[in-house]
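Take a walk through this model, from the whole chain down to single side chains. Keep the viewer open as you read.

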Amino acid sequence: MDWQWLSLTLNQAFTWTLYNSIEASLLVLLILLCQQLGKKHFPIRWHHAVWFLLLWKLAVPWSIDSTISLYNWLPTSSWTSMQEAHPPTEPIVLATEALNRHESAFQSDASLVNKASFSWISLLSLIWICGVTIFAGTMTLSTYRLLSPLKNDEFVQDVAILRVFSQCQKQMGISKSIPLRMSPQMTSPALMGIWRPQIWLPANLLDKLNEHELRHIFLHELAHWKRRDIPVNSVMSVLLILNWFNPLLWYAASRMRQDQEMACDALALTYLQETEVPRYGYTMIKMLELYACPKQIRFTAGFSSSKKQVKRRIEMIRHFQKRAYTWTLSGIVVVLALGVFTLTDAKKALGNEATFAVPAEGTIKSPIDQAIGLRIVNDLNTPVQAAAAGKVVKAEYDTKTGKGNQVILEHEGGYQTVYSHLEKLEVTAGVAVTQGQLIGLLGSTGRSTGPHLAFQILENGIPVDPTKLLVDIEAKE
């Protein structure tokens with residue numbers, strides 16, 4: 001197994017997840033602010049629907065670059081502070097040398113890869129994937145323990161109950177067959193199953209509720225099915241596993257479930273007469289008395305909730321109006337605005353983009369893997385210039401990896417450029433350089449097959465394709 005490739009892939013996955021989680025946290029704060037400001041102006045359905053922006057942000061790995069993206073205001077070098085605990089060259093050694101065993105021109109001896117230094121990003125990536133494994137295993141085990149005993153639960157056979165349930169289905173326009181089952185394991189009515197939905201009721205519940213109260217419960221659970229809440233909850237649970245380290249997202253998921261219950265209440269209430277609306281609230285209170293501590297089970301959608309949540313739902317029922325489940329123009333505008341500002345990627349304003357110039361004249365050759373770097377072949381002592389303005393973080397002979405004389409520059413935006421196999425160094429560590437400034441002479445020092453410059457660009461410690469960032473590469477090829 002290619003452990004170095006696996007390590008790099010893990011680092012990239014963790015870095016993307018971390019940055020995306022930070023950006024998603026800002027979106028959560030904006031959603032909560034909008035909900036608070038629009039508490040009396042936006043419909044109940046809006047309060048839940050706006051959370052779909054968060055689902056999109058966490059689940060979709062790509063987005064359009066935009067100059068009006070909210071994330072343009074984020075610091076571009078936020079990862080730098082995590083690297084200050086060790087010498088700045090360590091992550092660079094790991095990021096470059098881990099892949100260089102695939103490129104003979106960069107390194108002829110693959111065994112040197114094992115000497116690469118360990119970095120914080122690798123350590124954090126390992127912690128992250130261990131957390132993902134633990135949370136995934138725990139969630140899978142708890143779900144299995146819940147569902148396994150339910151396989152033998154009996155179906156509801158009472159004709160009168162089935163008649164009420166059938167009427168509720170017909171009233172809501174649901175033709176799909178959804179079985180009713182009883183279970184002593186359940187502490188609240190709940191809808192389960194994405195492809196084969198079934199409604200589970202607590203044991204002896206039918207003996208404690210009258211026909212009207214059962215109708216309220218059935219309407220609520222069918223509202224969950226009609227709104228496709230089970231798939232939504234399942235997706236959110238998986239995303240929480242990937243972002244287990246972010247407590248704000250766990251809180252957001254809890255708020256989303258609360259808003260989901262209120263949205264289901266609103267949909268169910270649209271099928272009731274105005275005089276029956278208060279009785280729906282009484283049913284909710286009765287369920288709270290019967291089952292004071294309902295379990296919130298992932299991959300399900302239930303009826304009961306905690307005392308604090310019930311209070312909020314009762315307040316909504318008191319002031320309920322039919323239009324509470326319809327969209328408003330202001331709600332649509334706010335959702336679209338949030339989407340434009342938060343579902344786009346950061347992009348520097350015109351004139352401030354990170355631009356790099358080809359550092360030396362010569363024949364440009366690409367390694368097998370385009371993401372590793374470039375080889376610029378030319379005569380000995382060809383001038384090598386800084387690809388962009390920055391600070392020298394390393395200028396010395398590399399005795400560990402066979403790179404010979406090497407210069408590493410640090411630039412704005414979390415970028416670093418690496419120049420290896422130089423014949424002579426023209427700068428020292430700690431000095432600032434401008435774009436185009438002479439930093440060394442092309443050579444063949446270290447483990448090299450001939451005069452050439454090994455050039456790399458790294459973003460947040462990870463190699464990127466230089467051809468996408470070099471502005472004048474076509475002219476010099």
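What share of the contacts in the protein chain with a separation of 6 or more comes from residues 24 or more positions apart? The share is 73%. Keep in mind that the model is predicted. The protein chain holds 13 helices and 16 strands. It has 477 residues, and 51% of them count as buried.

Now go inside. The largest nonpolar core has 42 residues. Leu 180, Ile 199, Leu 201, Phe 218, Leu 222, Leu 269 and Ile 317 touch the most other members. Several elements give two or more residues to this core, among them helix 6 (159-171), strand 2 (180-183), strand 4 (198-202), helix 9 (247-269) and helix 11 (307-318). Helix 7 gives the most, with seven residues. In soluble globular proteins, nonpolar side chains tend to be buried together.

Zoom in on Leu 180. Beyond its neighbours within four places in sequence, Leu 180 is in contact with Phe 155, Val 156, Ile 161, Leu 162, Phe 165, Ile 199, Leu 201 and Phe 218.

Next come the charged pairs. The structure holds eight salt bridges. One of them joins Lys 57 to Glu 23, with the closest N and O atoms 2.7 Å apart. Lys 57 sits in helix 3 (residues 52-59) and Glu 23 in helix 1 (residues 3-37), so the pair links distant parts of the chain, 34 residues apart. Are these two side chains buried or exposed? Lys 57 counts as buried because its relative accessible area is 5%, under the 20% cut-off. Glu 23 is buried as well, at 14% relative accessibility.

A second pair is Arg 163 and Glu 211, whose closest N and O atoms are 3.9 Å apart. Arg 163 is partly exposed at 40% relative accessibility. Glu 211 is partly exposed too, at 43%.

The side chains of Asp 265 and Arg 313 also meet in a salt bridge, at 2.6 Å from N to O. Asp 265 belongs to helix 9 and Arg 313 to helix 11, 48 residues apart. Asp 265 is buried, with 0% relative accessibility. Arg 313 is buried at 2%.

Move on to the strands. Strand 10 (residues 390-398) and strand 11 (residues 404-410) run antiparallel. Seven bridges join them. Val 392 stands opposite Leu 409 in strand 11. Five residues lie between the strands of this hairpin, where Gly 402 takes a positive phi near 75°. Strand 10 also pairs with strand 13 (residues 432-433), antiparallel, over two bridges. There, Gly 390 has Val 433 as its bridge partner.

Further along, Ile 457 is found in strand 15 (residues 452-459). Ile 457 counts as buried because its relative accessibility is 0%. Its C-alpha lies 9.8 Å from that of Ile 408, which is 49 residues away in sequence. Leaving aside neighbours within four places, the contacts of Ile 457 include Phe 356, Tyr 415, Pro 463, Leu 469 and Leu 470.

Ile 68, Val 340 and Phe 341 make a nonpolar patch of about 260 Å². Ile 68 is in the loop between strand 1 (65-66) and helix 4 (89-97). Ile 68 is partly exposed, at 45% relative accessible area.

Methods
Residues numbered from 1 in each chain as written. Predicted model: local features only at pLDDT ≥ 70, side-chain atom pairs only at ≥ 80, totals over all residues. Heavy atoms only, no water. Pairing = 2+ DSSP bridges. Helix = DSSP H or I, 4+ residues; strand = E, 2+ residues; numbered from the N terminus. Patch = residues over 30% accessible without salt bridge, like charges linked within 9 Å, V, L, I, M, F, W, Y side chains within 5 Å. Areas by Shrake-Rupley, 256 points an atom, 1.4 Å probe, with all protein chains shown as cover. Salt bridge = Lys/Arg side-chain N within 4 Å of Asp/Glu carboxyl O. Buried < 20%, exposed > 50% of the residue type's maximum accessible area, 1.4 Å probe, protein only. Core = buried A, V, L, I, M, F, W, Y, C linked by side-chain atoms within 4.5 Å. Contact = heavy atoms within 4.5 Å.
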